[in-house]
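Please keep the sequence and the structure at hand while reading.

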Amino acid sequence: MTGRGRGRGRGRGRGGNKFKIRESSDGKSHLGTTLRYQDNKPFPDQAKAGKGDTSPAYADAGPGMDSLTSPLDESPGGLIDDAPIKFLPLGGLGEIGMNCALVGTENRYVLLDAGLMFPDHEELGIQKVLPDVSFLARWRDKVEAVLITHGHEDHIGALPWVIPALDPSTPIYAGLFTMQLIQRRMKEFNLWGDGSRFKVIDMGERFRAGPFEMEAVRVTHSIPDCCGLIFRCAAGTVVHTGDWKIDENPVDGLNFDRAQFERVGKEGVTLMMSDSTNVLSPGRTISESLIRDSLVQKVLGHKSGRIITTQFASNIHRLYGVKAAADASGRKIAFVGMSLTTYLEAAKKAGIHPIDPDELVPAEEIENVNPNELIVVTTGSQGEDRAQLARAAFGGSHLLTLQPDDLLLYSAKMIPGNEKRVMRMMNAIAARGPQIAMKREDGLHSSGHAYRDELTEILKMLNPEHFLPVHGEYAFLKEHELLARECGVSHSTVIGNGQMLGVTPLRNGKSHGTLGNLHLLGQARLQTMFNDGGKGSGTSEDLAIEERMRIATEGIIVVDLEVFDAPLVKQTDPDDGASSESAAETPAATATTQKSPKGNLTARARVTSRSMWTDEGRMLAKIRDAAERSVESLGSGARLSAVERTCASAVRFAARGYSGKRPDVIVVAHRGSGSPSDKARLDNAMSTAGGGVPDDAKRGMTGASGTKYRPRAARRDTTPRNVRPLRGPGSARGDGGGGARHTRRDTEYQ
Ligand SMILES: [Zn+2]
Ligand SMILES: [Zn+2]
């Protein structure tokens with residue numbers, strides 16, 4: 001009976017699924033090696049936990065992130081046995097992004113958000129930083145539900161990796177708009193199934209998730225459909241604000257639910273967690289309705305020429321302003337950048353779209369519309385070079401060509417770290433003539449994260465027994481902790497990712513010590529995971545991140561080493577003529593051979609490099625010499641692996657001596673026949689290798705006796721071949737709609 005029902009459900013899901021699943025995903029292949037790091041050590045292993053000092057301490061710079069151990073097997077200081085309420089952050093503390101945490105009572109947990117972080121080393125080919133999903137896989141039996149506060153990438157971006165780590169029956173809860181985004185992502189990775197485990201929640205609704213009685217509270221933020229969450233259980237009440245600001249006059253009329261927070265504050269809150277992003281900013285954020293008014297004024301003030309705005313694609317509220325400006329000025333709206341359409345379509349499905357996607361001017365028709373009647377909305381506010389605005393800035397977008405009478409409205413914030421890239425783009429735009437509005441006084445952007453006065457208001461409103469700052473850099477968390485104390489919340493602490501905090505409700509408001517009943521229960525050694533944008537997922541070791549960095553900064557040398565077990569001159573080669581020709585052509589090789597003690601190896605090397613200064617090939621000649629000499633001490637018949645080791649260390653030494661660099665060295669040794677025709681072929685091959693070895697270095701400097709330089713004028717072309725130029729913004733080219741990929745940091749942290 002049950003089985004049949006399930007079968008039917010699955011069948012329907014498949015039949016009704018019109019979404020095109022990307023070919024690269026079968027629901028598992030994108031996981032790479034992320035889920036292989038499982039060991040089934042039971043948790044929590046509290047038998048080992050001692051008693052004593054209960055001061056939580058911040059974990060320095062992700063200790064143990066790179067090493068693999070069992071969960072919570074570290075016991076820094078003393079631990080208490082247990083606490084009825086637990087919080088274990090897997091990411092998001094001491095960093096911006098990758099929000100993901102476990103909230104539990106007794107030994108049952110729910111997962112709160114599953115976000116990703118964008119890497120610092122994007123140029124090394126890493127696109128996403130993910131929480132330790134292998135840890136979640138180990139805990140899959142304890143994780144009874146997933147709760148999503150809102151649809152920003154730092155809250156849902158890791159779901160394609162997190163969902164496969166959990167039990168297939170674990171439900172996922174999110175609001176309607178957020179669920180549209182999740183559904184799209186899940187279908188893309190072939191993880192939606194029949195959709196029955198994905199549950200849409202309403203604001204104010206009470207529902208059961210794992211051990212908790214849940215309640216979602218509407219908060220305002222820079223994407224629609226955001227909630228804070230109230231977790232109620234027998235042991236107490238936990239409140240997590242989610243990402244929030246207080247917008248007193250939201251453009252969609254959906255207000256921050258003060259009443260509900262006030263109610264739970266009066267009920268009593270055992271532990272509260274709140275967004276620390278803007279704790280350093282005094283005052284209050286401004287309302288989105290003021291941004292809308294500024295947009296209208298700017299657009300009305302530009303009589304002749306197009307308006308081009310750029311914004312975070314997920315900021316649906318900002319589109320209310322664009323719509324108002326379009327209506328007031330009689331302009332039409334066009335989107336350039338696929339992710340804008342993605343978010344707007346999700347909004348339409350949820351019934352909260354400020355603009356009907358069907359009424360947009362198609363991007364291909366922009367050039368046919370009277371410039372005075374058009375507003376173009378673009379992605380790429382962070383200067384991402386794949387996004388349309390950067391392409392347009394450097395003349396590489398076939399959809400958008402900037403004109404001198406365009407007005408660019410920068411309706412976003414430069415995310416810290418992106419300033420140089422954004423300014424490069426802005427310079428390029430300015431050089432093409434458009435006027436740019438991006439001053440603070442232009443009033444074109446408002447943050448989605450509460451400023452200090454708002455943080456104060458909510459702390460006082462909830463007046464929790466214990467407070468834990470979340471969502472922010474470590475310095476922000478510490479500042480937020482201080483702010484909480486100023487607000488009269490005396491029991492507050494800061495923890496790092498992987499540290500499990502235990503909380504016990506205060507009895508009659510009484511507690512011991514300044515931390516109240518906050519206790520550190522243990523430390524999970526988490527491994528940060530990475531994804532390369534394709535199938536490659538796993539630890540930094542799996543993705544060879546250190547190696548990528550080393551090769552980028554130190555370079556790489558590849559040596560092809562042909563070894564001969566006996567000195568060349570002693571070899572019985574049927575072709576005597578060719579043999580002497582070979583000797584004449586490469587005196588160095590002969591010299592080397594003749595110096596070799598009888599019975600030892602000799603070798604011929606081909607050398608090439610990448611990402612290195614080669615001194616026009618001279619360094620490579622030295623390296624070749626060192627490589628060939630390195631085997632002289634080895635006896636005939638030496639193992640090739642020993643040959644490779646010996647040669648590699650000689651090459652490293654020579655490279656360091658010549659250039660001061662420590663390149664990666666790859667030596668591939670093989671036994672040669674000694675045929676001189678081989679030698680000639682190898683030399684020819686060298687001249688086309690990407691290392692760009694010029695003739696003077698190849699011949700004049702080769703070998704121990706190499707002394708003669710050819711005059712520079714006679715040098716061959718030293719331009720490296722087969723080496724693609726570095727990717728620069730100028731090389732970005734339009735390709736059909738572009739920006740279709742989820743561009744970096746386009747969705748968060750305004
Ligand atoms: Zn957010
Ligand atoms: Zn966030």
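A residue is called buried here if 20 or more other C-beta atoms lie within 10 Å of its own, exposed if 12 or fewer do, and partly exposed in between. The model is a predicted one, and under that definition 49% of the 750 residues of the protein count as buried. The protein has 20 helices and 26 strands, and of the contacts between residues at least 6 apart in sequence, 79% join residues at least 24 apart.

**A covered helix**

Helix α17, which covers residues 618–630, has 13 residues and spans 18 Å from its first C-alpha to its last, close to the 18 Å expected at 1.5 Å a residue. How many residues of α17 are buried? The helix is mostly covered, with 12 of its 13 residues buried.

**Helix α12 and its two partners**

Two packed helices are described by the angle between their axes and the distance between the axes. Helix α12 (residues 452–462) packs against helix α13 (residues 474–486) at an angle of about 50 degrees, the axes being 10 Å apart. With that angle, α12 is oblique to α13, and the crossing of the two helices is right-handed. On the α12 side the contact is made by R452, L455, T456 and L459, which meet H480, L483 and A484 in α13; by class, this contact has 4 nonpolar, 2 polar and 1 charged residues.

Helix α12 also meets helix α6 (residues 258–267), where the two axes come within 7 Å and cross at roughly 45 degrees. That angle makes α6 oblique to α12. Here F261, E262, V264 and G265 in α6 meet I458, M461 and L462 in α12, and the contact counts 5 nonpolar, 1 polar and 1 charged residues.

Which residues of α12 face α13, and which face α6? Those that meet α13 are R452, L455, T456 and L459, while those that meet α6 are I458, M461 and L462. An α-helix has 3.6 residues a turn, so residues three or four places apart point the same way.

Most residues other than glycine have a negative phi.

| Residue | Loop between | Other C-beta atoms within 10 Å |
|---|---|---|
| A544 | β23 (537–538) and α14 (545–554) | 15 atoms within 10 Å |
| E616 | β25 (602–610) and α17 | 17 atoms within 10 Å |
| K28 | α1 (2–15) and β1 (85–91) | 13 atoms within 10 Å |

Why does A544 count as partly exposed? A544 has 15 other C-beta atoms within 10 Å, a count that falls between the limits for exposed, 12 or fewer, and buried, 20 or more. E616 is partly exposed as well, with 17 such atoms, and its loop leads from β25 to α17. K28 is also partly exposed, with 13, and its C-alpha atom is separated by 7.6 Å from that of P164, a residue 136 residues apart from K28 along the chain.

Conventions: Residues are numbered from 1 along each chain as its sequence is written. Chains are lettered from A and ligands numbered from 1 in the order in which they are written. This is a predicted model: local features need pLDDT of at least 70, side-chain atom pairs count only at pLDDT 80 or more; totals for chains, interfaces and linings use all residues. Axes are lines fitted to C-alpha atoms, for helices over the stretch in contact, and angles run from 0 to 180 degrees between N-to-C directions. Helices (H or I, at least four residues) and strands (E, at least two) are DSSP runs, numbered from the N terminus. Angles under 35 degrees count as roughly parallel, over 145 as roughly antiparallel, 65 to 115 as roughly perpendicular and the rest as oblique. A crossing is left-handed if the near helix is turned anticlockwise from the far one by less than a right angle, and right-handed if clockwise. Two residues are in contact if their C-beta atoms, placed from the backbone, lie within 7 Å. Ala, Val, Leu, Ile, Met, Phe, Trp, Tyr, Cys and Pro count as nonpolar, Asp, Glu, Lys and Arg as charged, and the others, Gly among them, as polar. The expected span of a helix is 1.5 Å times one less than its number of residues.
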